Amino acid sequence: MLKSPLLDAAGLVGSLAARQAAPDQDAVMLLVHELATSLGKAIDAKDPHTLAHSEEVAEVSRVLAVGMGLGDKLAQAVHVAGHLHDIGKIGVPDAVLGKPGRLAPDEWERMKTHPAIGAEILAPLSCLAEIGVVGMVGAHHERFDGQGYPHGLRGQSIPLGARVIAVADSLSAMLQARPYRPAMTFEDADREIRRCAGTQFDPAVVEAFVAVREGLARLTRAFRRADDAA
Ligand SMILES: [Fe+2]
Ligand SMILES: [Fe+2]
């Protein structure tokens, strides 16, 4: 069949358009990760007591996800959600966020809104919703025994990524000093995480934590050295 140059040109335009319509997924994930890292730093900058907390949660979450054999895509999504997990604290008043010591009941209620606010902030980014990040952020304070917030979800009904982030978040928080308590040692934090398997945490995530804890001890030590240098 004779090919017209016009048809050839139309074909070329069509294939270029198709390529533009389907951007390279790796490039998209790279950009999503950079954006998540930046937003995580923004939220950490609000609180002088949580230096690099979001990044530490992201790194620990990735190690746990890989340790559980979750596969590349899900491990990447969990990592990105780790960076973003506390983004909803932007909607919590500074007086509550920065208060040294215990929160009054009404302040605690405000604090507990941050997972839902975070999910709401991220919801317009459809690429994050599609890979489950929005759901993970919204559920990162749910507990395996159903005693968490905001919905009291229980067990497998909590997104798996959120169950991973819950362990990473607690580890990072315990290893950082707070105005009202000193930093815990890795050994004490390790004991506390194992103690809470099946209540606060998914036992499968705790099992992965125990399997990779030497690597996590090294990783989190590097974060403490960066804290000390800051
Ligand atoms: Fe990262
Ligand atoms: Fe949180």
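How many Å should the 13 residues of α4 span at 1.5 Å a residue? The span should be 18 Å, and the end C-alpha atoms of α4 are 19 Å apart, which agrees. The expected value here is 1.5 Å times one less than the number of residues in the helix.

Some housekeeping before the points. This is a predicted model, in which local features need pLDDT of at least 70 and side-chain atom pairs count only at pLDDT 80 or more, while totals for chains, interfaces and linings use all residues. Residues are numbered from 1 along each chain as its sequence is written, and chains are lettered from A and ligands numbered from 1 in the order in which they are written.

1. Overall make-up. The protein has 13 helices and zero strands; both are DSSP runs numbered from the N terminus, with helices being H or I of at least four residues and strands E of at least two. Buried residues come to 36% of the 230 residues. Buried here is 20 or more other C-beta atoms within 10 Å of the residue's own, exposed is 12 or fewer, and partly exposed is in between, with C-beta atoms placed from the backbone. Of the contacts with a separation of 6 or more, 63% join residues 24 or more positions apart. A contact needs C-beta atoms, placed from the backbone, within 7 Å.

2. Helix α10. With 16 residues, α10 reaches 23 Å from its first C-alpha to its last, close to the 22 Å expected at 1.5 Å a residue. This helix is mostly covered, with 13 of its 16 residues buried.

3. α4 against α10. Two packed helices are described by the angle between their axes and the distance between the axes. For α4 (residues 72-84) and α10 (residues 160-175), the angle is about 50 degrees and the axes are 10 Å apart. That makes α4 oblique to α10. The axes are lines fitted to C-alpha atoms, for helices over the stretch in contact, and the angles run from 0 to 180 degrees between N-to-C directions. Under 35 degrees counts as roughly parallel, over 145 as roughly antiparallel, 65 to 115 as roughly perpendicular and the rest as oblique. The crossing of α4 past α10 is right-handed, that is, the near helix is turned clockwise from the far one by less than a right angle, anticlockwise being left-handed.

4. Who does the touching there. On the α4 side the contact uses Leu 74, Ala 77, Val 78, Ala 81 and Gly 82, and on the α10 side Gly 161, Val 164, Ile 165 and Ala 168. By class, that contact of α4 with α10 has seven nonpolar, two polar and no charged residues. Nonpolar takes in Ala, Val, Leu, Ile, Met, Phe, Trp, Tyr, Cys and Pro, charged takes in Asp, Glu, Lys and Arg, and the others, Gly among them, are polar. Buried residues of α4 include Ala 77, Val 78, Ala 81 and Gly 82. Among the elements covering the buried residues of α4 are α2 (25-45), α3, α7 (114-122), α9 and α10.

5. α3 against α10. Helix α3 (residues 53-67) packs on α10 at about 130 degrees, with the axes 8 Å apart. The two are therefore oblique to each other, and α3 passes α10 in a right-handed crossing. From α3 the contact draws on residues including His 53, Glu 56, Val 60 and Leu 64, and from α10 on residues including Val 164, Ile 165, Asp 169 and Leu 171. By class, it has nine nonpolar, three polar and two charged residues.

6. Gly 148 sits in the loop between α9 (133-138) and α10. This glycine is buried, with 21 other C-beta atoms within 10 Å. Leaving out residues up to four places away in sequence, Gly 148 touches His 141, Glu 142 and Arg 143. Pro 150 lies in the loop between α9 and α10 too, and a cis peptide bond joins Tyr 149 and Pro 150, with omega about 10 degrees. Worth a look on screen.

7. Thr 220. This residue is in helix α13 (residues 213-229) and counts as buried, with 22 C-beta neighbours inside 10 Å. Thr 220 and Val 60 are 160 residues apart along the chain, yet their C-alpha atoms are separated by 8.1 Å. Beyond its neighbours within four places in sequence, Thr 220 is in contact with Glu 56, Leu 171, Leu 175 and Phe 186.

Definitions and conventions:
Contact = placed C-beta atoms within 7 Å.
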